[in-house]
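Subject: the model you wanted to look through

Hi,

Here is the structure to open on your side. My notes on it follow below.

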Amino acid sequence: MRAVDIIRKKRHGGELSEAEIQFLIDGLVDGSIPDYQISAWAMAVCCMGMTDKETAALTLAMAHSGDTVDLSQIAGIKVDKHSTGGVGDKTTLIVAPLVAACGVPVAKMSGRGLGHTGGTIDKLESIPGFRTELSRADFFAQVNDIGVAVIGQSGNIAPADKKLYALRDVTATVESIPLIASSVMSKKIAAGADAILLDVKAGDGAFMKTPEDAARLAEAMVSIGNQVGRRTVAVISDMDQPLGRTIGNALEVREAIEVLRGDGPDDLREVSLVLAGHMLVLGGIAPDITAARSRLEAAIASGEALRKLADLLAAQGGDPAVTEDLSLLPQAPIRLPVPAPADGYVLGIEAEAIGLAAMTLGAGRATKDDQIDYAVGIELSAKPGDRVRKGDPIATLYVQSDDDRAASAIESVRSAYRLGAERGPDRPLLHGIVQ
């Protein structure tokens, strides 16, 4: 078998066999197939596409290219959750303890943020003392004990995906739905969950800019999951504006706690309840979404969900008192208002621009080695549909100093707001479900 023959076959639109795909992935990992041939194959895939069967085979080959996690030591149906990334997306901080409080074990490995989207692990590390690294034995024991653990991705999970993505990033082959879908699903399958809930974002702040593109990606990932024996559901949610009102690590933790207290922004609460509801159904705890929602709302109202978050924090070295006293979270010393540039209604907020502004302040990283400032960020006081007057604060920056970076961020946030003389139509929070 030769790589050049496989490249030619795909270039001409042929369907690759499992053996041919496995040969390519083995060669990618061990270095026996050079980068230029893998890149040529990726370009052929980008141009010619892949069948569902090919995509599933690629996903499994990448999932088994390194370590895999066996969660059989944890009782119950383990449901994993994955978001394709967005601005202000702190749903895992809400959904993990909420779902665990309702009886579905959550054994979750999450990632760090890069670019304008945040990462769950960075947010959790803003909580004083919280440890995101556990041994596998401790990870299993904690989930069996309290029902939930959230740790950073560690070990040699799907190394083929890391190598392939690095090549795609520099060869203009990122925008291929089969390659995106197999990248996401290979890591989820290697992580060992019995079922998978996907939150596929659509809009300005997401990788997929339209609901139609997000639906195609969701369909591809659900197809993969079902083909390899993992029951999979995808929720297509909106990311044409930031989710909730805060962007920045400690600020987002604060907002997540507010939702678990029964407060918080309506959009964040609604998306979190929808995601958690599907996890309860996948976990066999609720027969349908209606029953799941009732159970989730009861867990919030009774305080069980908030207590479960406190249990999670205590188990991983964090201070559970932050669930009662938000002032214990890191706080920036200076708050700078962003004035509205004109009178009018907020028609939209460019989510990506807001995320980049928060990154400018130090809330995110441009490279994986950048250090994050957990205290800084942005709080939005005006959202689409709100009426504002010129000069009124539409947002507040939380910063360490009133310097050039802050001034640049103020201008970026102000420019991200689109205003109009009349109130615009509401954009739906949810664009569909794929299962």
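Predicted model: local features only at pLDDT ≥ 70, side-chain atom pairs only at ≥ 80, totals over all residues.

Residues are numbered from 1 along each chain as its sequence is written, and side-chain values use heavy atoms, with hydrogens and water left out. Helices (H or I, at least four residues) and strands (E, at least two) are DSSP runs, numbered from the N terminus.

Back to α5, which spans residues 91-101 and is mostly covered, with 10 of its 11 residues buried. Buried means under 20% relative accessible area, exposed over 50%, and partly exposed in between, using a 1.4 Å probe and protein chains only. Among the buried ones in α5 are Thr91, Leu93, Ile94 and Pro97.

Strand β3 (residues 148-152) is also mostly covered: five of its five residues are buried. Val148, Val150 and Gly152 point one way from the strand, Ala149 and Ile151 point the other way, and all are buried. Its partner β2 (residues 106-110) runs parallel to β3, and five bridges join the two. (Two strands pair if DSSP finds at least two bridges between them.) Within that pairing, Lys108 has Val150 of β3 as its bridge partner.

Now the sheets. Strands of a sheet pair through backbone hydrogen bonds, either parallel or antiparallel. β1 pairs with β4 (residues 195-202) in the parallel sense over five bridges, and Lys81 has Leu197 in β4 as its bridge partner.

Another open sheet has four strands in the order β6-β9-β11-β7, and here the pairing is antiparallel. β6 and β7 (334-339) stand at the edges with a single partner strand each, so one side of each has no neighbour in the sheet. Helix α15 (residues 351-361) packs on this sheet and touches β6, β9 and β11, its direction making about 140° with that of β9. Contact here means heavy atoms within 4.5 Å. If you want to trace the pairing by residue, β6 (residues 246-247) and β9 (residues 377-380) are joined by two bridges. Thr246 stands opposite Glu379, and Ile247 stands opposite Ile378. β9 in turn is joined to β11 (residues 393-399) by four bridges, with Gly377 opposite Tyr398.

Next, a helix pair. How far apart are the axes of α8 and α9? Helix α8 (residues 159-170) and helix α9 (residues 177-190) pack with their axes 10 Å apart, at an angle of about 155°. That makes α8 roughly antiparallel to α9; the cut-offs are under 35 degrees for roughly parallel, over 145 for roughly antiparallel, 65 to 115 for roughly perpendicular, and oblique for the rest. On the α8 side the contact is made by Asp161, Leu164 and Arg168, and on the α9 side by Leu179, Ile180, Ser183, Ser186 and Lys187. These residues divide into three nonpolar, two polar and three charged. (Ala, Val, Leu, Ile, Met, Phe, Trp, Tyr, Cys and Pro count as nonpolar, Asp, Glu, Lys and Arg as charged, and the others, Gly among them, as polar.)

Two alanines are worth a click. Most residues other than glycine have a negative phi, and most peptide bonds are trans. Ala158, in the loop between β3 and α8, has a positive phi near 45°. Ala172, in the loop between α8 and α9, has a positive phi of about 60°. Which of these is buried, and which exposed? Ala158 counts as buried because its relative accessibility is 1%, while Ala172, at 59%, counts as exposed.

Last one: Ser223 lies in helix α10 (residues 211-227) and is buried, with a relative accessible area of 17%. Ser223 and Asp52 are 171 residues apart in sequence, yet 7.1 Å apart in space, C-alpha to C-alpha.

Cheers

Key. Axes fitted to C-alpha atoms, helices over the stretch in contact; angles between N-to-C directions.
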